[in-house]
Amino acid sequence: MYEVRFYKGDYGARQLAANADGCVAYVEHHFNATAGGGGNYACVVVGSNASNTSRNWARWYARAVADSFGIPLGGDQGVLVGGFSGRGDGNVKFTKMPAILVEPLFASNPDHAAWIRSEAGQDRLAQILADSIRRCFPDGG
């Protein structure tokens, strides 16, 4: 059995609340964007202090998105430790549980934006995230 909780506040406050609740996994979800409408890869940011569980979870998720949407992987096999020049590190590094910041598509890329806006694209992304959680945390939480 899985329970989903949504936290409000800044990044640190959300992570501290998840820690206090004893969550088994933590996910931030963003879409990338670049000037000029480009960008064409899937990636996941893990904290500079990320566990092997976080890194493996991130790698699996990024690969699943890349395969599903036919796009390449960014970073190191889909993983960016600490994010872009440290941007993204604070989103996930203060958790006591495995944590990932998924950045599956680029809202600035017209093809990706169409997927993001479509019900089918949203369903695919949701299914990939749910599958990644079931795969990496089979005992629930």
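This is a predicted model: local features need pLDDT of at least 70, side-chain atom pairs count only at pLDDT 80 or more; totals for chains, interfaces and linings use all residues.
Me: I gather that H2 and H5 are roughly antiparallel to each other. At what angle do their axes cross, and how do I read that label?

Reply: Residues are numbered from 1 along each chain as its sequence is written, and side-chain values use heavy atoms, with hydrogens and water left out. Helices (H or I, at least four residues) and strands (E, at least two) are DSSP runs numbered from the N terminus. An axis is a line fitted to C-alpha atoms, for helices over the stretch in contact, and angles between N-to-C directions run from 0 to 180 degrees. Under 35 degrees counts as roughly parallel, over 145 as roughly antiparallel, 65 to 115 as roughly perpendicular, and the rest as oblique. Here the axes of H2 (residues 52-69) and H5 (residues 119-136) cross at roughly 150 degrees and come within 10 Å.

Me: Which residues of H2 and H5 meet?

Reply: Contact means heavy atoms within 4.5 Å. On the H2 side, the residues include Trp 57, Trp 60, Tyr 61 and Val 65; among their H5 counterparts are Arg 124, Leu 125, Ile 128 and Asp 131. For classes, Ala, Val, Leu, Ile, Met, Phe, Trp, Tyr, Cys and Pro are nonpolar, Asp, Glu, Lys and Arg are charged, and the others, Gly among them, are polar. By that scheme the contact of H2 with H5 has 11 nonpolar, 3 polar and 3 charged residues.

Me: Which residues touch the most other members of the largest nonpolar core?

Reply: First, buried means under 20% relative accessible area, exposed over 50%, and partly exposed in between, using a 1.4 Å probe and protein chains only. A nonpolar core is a set of buried Ala, Val, Leu, Ile, Met, Phe, Trp, Tyr and Cys residues joined through side-chain atoms within 4.5 Å. In the largest one, with 23 residues, the answer is Val 44, Tyr 61, Val 65, Phe 69, Ile 100 and Leu 105. Strand E2 (43-46), H2, strand E6 (99-103) and H5 each supply at least two residues, and H2 gives the most, with 8. Leaving aside neighbours within four places in sequence, Val 65 is in contact with Ala 42, Ile 71, Pro 104, Leu 105, Leu 125 and Ile 128. A second, separate core of 9 residues includes Ala 18, Tyr 26, Leu 80 and Val 92.

Me: Is Val 92 buried or exposed?

Reply: Val 92 is buried, with a relative accessible area of 3%. This residue lies in helix H3 (residues 89-92). Among the residues it touches, beyond four places away in sequence, are Gln 15, Tyr 26, Val 45 and Ile 100. Val 92 and Val 27 are 65 residues apart in sequence and 8.1 Å apart in space, C-alpha to C-alpha.

Me: Which helix holds Arg 14?

Reply: Arg 14 lies in helix H1 (residues 11-21). Its relative accessible area is 16%, so Arg 14 counts as buried.
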